[in-house]
Amino acid sequence: MVQILPHFIGGKHHIENNNTCFPVYNPAFGEVIAEVPQASDATCNLAVESSRIAFLYWSQTTPMKRASILFKFRELLEKNTQELAAMVTREHGKTLSDAKGSIARGIELVEWHCGLLHQLQGDFTANVSKNMDSYTFRQPLGVCLGVSPFNFPVMVPIWMMIPAISAGNTFILKPSEQAPSAPNRLLELLTEAGLPDGVVNCVHGDKSTVEYLLNHRDISAVTAVASTNVAESIYKTAIANGKRAHTFGGAKNHAVVMPDADMQQTAKAITGAAFGSAGERCMAISVVVTVGANTKDALLQHLLPEIRAIRVGAGDKETTDMGPLISSAHYTRVLNAVADGVTEGAQLLIDGRYFAHPEKHQGYYMGPCLFDGVTESMQIYQQEIFGPVLVIVEVDSLESALQLVNRHQYGNGTAIFTRDGYSAYEYSQRVQVGMVGVNVPVPVPVASHPFGGWKRSSFGDTNMHGLESIQFYTRRKTITSKWFATDEAHNSFAMPVHK
Ligand code: NAD
């Protein structure tokens, strides 16, 4: 019998009997290692009520008090990185070093929020009229919901819930049912750090849990990170129900390689960005656009050996560069996408479909795939594959590269590789993509700069990270106050004018 994971409500584990469970797999072995329950409506209601009551207290705490808990939480994340990374690797499959890197990016965001007194500072204008001042400040929204994907079970929940609770909200996390253990552990650590019960709750389940919560009147705001159709549907339902929402979807990230790029460095950078985490990253490079007649051949000279040298295996082995895919279903989807690419007429230069792990036959392992001769109309170019599949498209000029990237439905991340400042400037300025790297293959911004894509890679007006998160999780209130001597009191029936 495998363990059934609990929900986390009101500062403790919550177990309900007789509900549906989903298997949680270790993709390195293809084995069921736990079960995750589908929250019933009653459990969702319990979580919302717990969050609603906690908000009454938490929204009144001082920023300094909240920051002191974040300082402690940061320490606990550092101390428990190894354990959290092992959980991520066990359920997602990515390598331990990659899992640790993603936890470090979570810690970075917690650190930024430790200075939240400064982030919440408002505006004050003295003497707007006689004896009258105006000040504007931020107040939290209430109970917020976060829906997270399988590929970053620690980092993405942190990116949502820490800004929300820093700003004085309470938060319900609905993690991916495919990687639910690390999110539970995060809530235990928050409680250990001194977070009062109910400020963050976690309910498990699939889309029906999300749908129930999206229709709950006591939820004020929704953040979701998901595949594009899901992100769009969550966004539309949330705003139709009068909630504030921003959601983040899928991607197809282009790396534009100029003829003057350092081909060896570029090939290394692209290999890591395309095949790290088996391509299961929303910021993975999945398209290489070579510019000019000889660039592709010059790049391939370095790229082919780099890709062929990738060591595929279980994520917990130090010698592994690329772990398995998340699930059997996803493995089949990626295999089908590669088969479609072959049918469409692209040339499969490296075919990782038949990779078989010598010991772990049941794991969802696939080797890296590289397609050449890809054209814009092909599905392997148009669709997010979210696997270890890289495609090469050739263009004749930077202008053509820009037009190609700008026509794509997604606009999450992109990178240009060049030694020419003007090309880099021109590309960065004109590309219709939210996050751009110049010789930086995975341009996930530091916590103080906004994270979010354009076009069908995100829905809503605000990004994650930094001040934009604070803006999302708060609303502004302006107070106009006047203190006057009793002998000045008078009635006025005209519109007040500040003179
Ligand atoms: P997914 O869309 O299958 O699921 C994401 C979350 O939404 C899960 O918690 C799931 O339970 C829930 N969900 C699934 N279907 C739903 C529905 N119909 N209604 C409501 N909720 C639903 O995504 P995934 O496979 O877990 O994650 C991979 C996807 O996430 C990729 O497309 C990737 O690009 C995207 N992603 C985007 C970012 C970003 O910042 N833009 C970051 C990470 C992942």
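Biologist: First, what counts as a helix here?
Modeller: A helix is a DSSP run of H or I with at least four residues, and helices are numbered from the N terminus. This is a predicted model.

Biologist: Then where does His-113 sit?
Modeller: His-113 belongs to helix H4, which covers residues 96–113.

Biologist: Is His-113 buried or exposed?
Modeller: Buried means under 20% relative accessible area. His-113 is at 0%, so it counts as buried.

Biologist: What is around His-113?
Modeller: Leaving out residues up to four places away in sequence, His-113 touches Leu-70, Ile-162, Pro-163, Ser-166 and Ile-470. With Ser-166 there is also a polar contact between the side chains, at 3.4 Å.

Biologist: Another histidine, then. Where is His-465?
Modeller: His-465 lies in the loop between strand S22 (458–459) and helix H16 (466–472). His-465 has a relative accessible area of 1%, so it is buried too.

Biologist: Which backbone oxygens does the His-465 side chain reach?
Modeller: One is the backbone oxygen of Val-446, at 3.3 Å. Another is that of His-449, at 3.0 Å.

Biologist: And which residues does His-465 touch overall?
Modeller: Not counting residues up to four places away in sequence, His-465 touches Leu-109, Trp-159, Pro-445, Val-446, Ala-447, His-449, Pro-450 and Phe-451.

Biologist: How much of S17 is buried?
Modeller: Of its 7 residues, 6 are buried, so S17 is largely enclosed by the rest of the structure.

Biologist: How many bridges does S17 make with S14?
Modeller: S14 and S17 are joined by 5 bridges and pair in the parallel sense. Across that pairing, Thr-290 stands opposite Glu-394 in S17.

Biologist: And how many bridges join S16 to S17?
Modeller: There are 3, and those two strands also run parallel. Leu-370 has Leu-390 as its bridge partner in S17.

Biologist: Now H10. How many residues does it have?
Modeller: Helix H10 has 13, residues 263–275. From first C-alpha to last it reaches 18 Å, close to the 18 Å expected at 1.5 Å a residue.

Biologist: What happens at the start of H10?
Modeller: A side-chain oxygen of Asp-262 comes to within 3.1 Å of the backbone nitrogen of Gln-264. Just after the helix, Ser-277 has a positive phi of about 55°.

Biologist: Which residues of H10 are buried?
Modeller: Met-263, Thr-266, Ala-267, Ala-269, Ile-270, Thr-271, Ala-273, Ala-274 and Phe-275. They pack against several elements, including strand S13 (253–257), strand S14 (285–291) and helix H11 (295–308).

Biologist: What does Ile-270 touch?
Modeller: Beyond residues up to four places away in sequence, Ile-270 touches Ala-255, Val-257, Ile-285, Val-288, Leu-299, Leu-303, Leu-390 and Phe-417.

Biologist: How many residues are in the largest nonpolar core?
Modeller: The count is 63, and Ile-270 is among the residues with the most contacts inside that core, as are Val-256, Leu-303, Leu-370, Val-374 and Leu-390. H10 gives the largest share of this core, 7 residues. Another core of 62 residues lies apart from it, with Cys-144, Val-154, Leu-173 and Leu-189 among its members.

Biologist: Last one: where is Arg-311?
Modeller: Arg-311 is in the loop between H11 and H12. Its relative accessible area is 43%, so Arg-311 is partly exposed.

Biologist: Which residues is Arg-311 in contact with?
Modeller: Apart from neighbours within four places in sequence, they are Thr-319, Thr-320, Asp-321 and Met-322. The Arg-311 side chain reaches the backbone oxygen of Thr-319 at 3.0 Å. Asp-321 is 10 residues from Arg-311 in sequence, and their C-alpha atoms are 5.1 Å apart.

Note on methods
Residues are numbered from 1 along each chain as its sequence is written. This is a predicted model: local features need pLDDT of at least 70, side-chain atom pairs count only at pLDDT 80 or more; totals for chains, interfaces and linings use all residues. Side-chain values use heavy atoms; hydrogens and water are left out. The expected span of a helix is 1.5 Å times one less than its number of residues. Buried means under 20% relative accessible area, exposed over 50%, partly exposed in between (1.4 Å probe, protein chains only). Contact means heavy atoms within 4.5 Å. A polar contact is a pair of N or O atoms within 3.5 Å; within protein, one must be able to donate a hydrogen and the other to accept it, and residues adjacent in sequence count only if both atoms are side-chain atoms. Two strands pair if DSSP finds at least two bridges between them. A nonpolar core is a set of buried Ala, Val, Leu, Ile, Met, Phe, Trp, Tyr and Cys residues joined through side-chain atoms within 4.5 Å.
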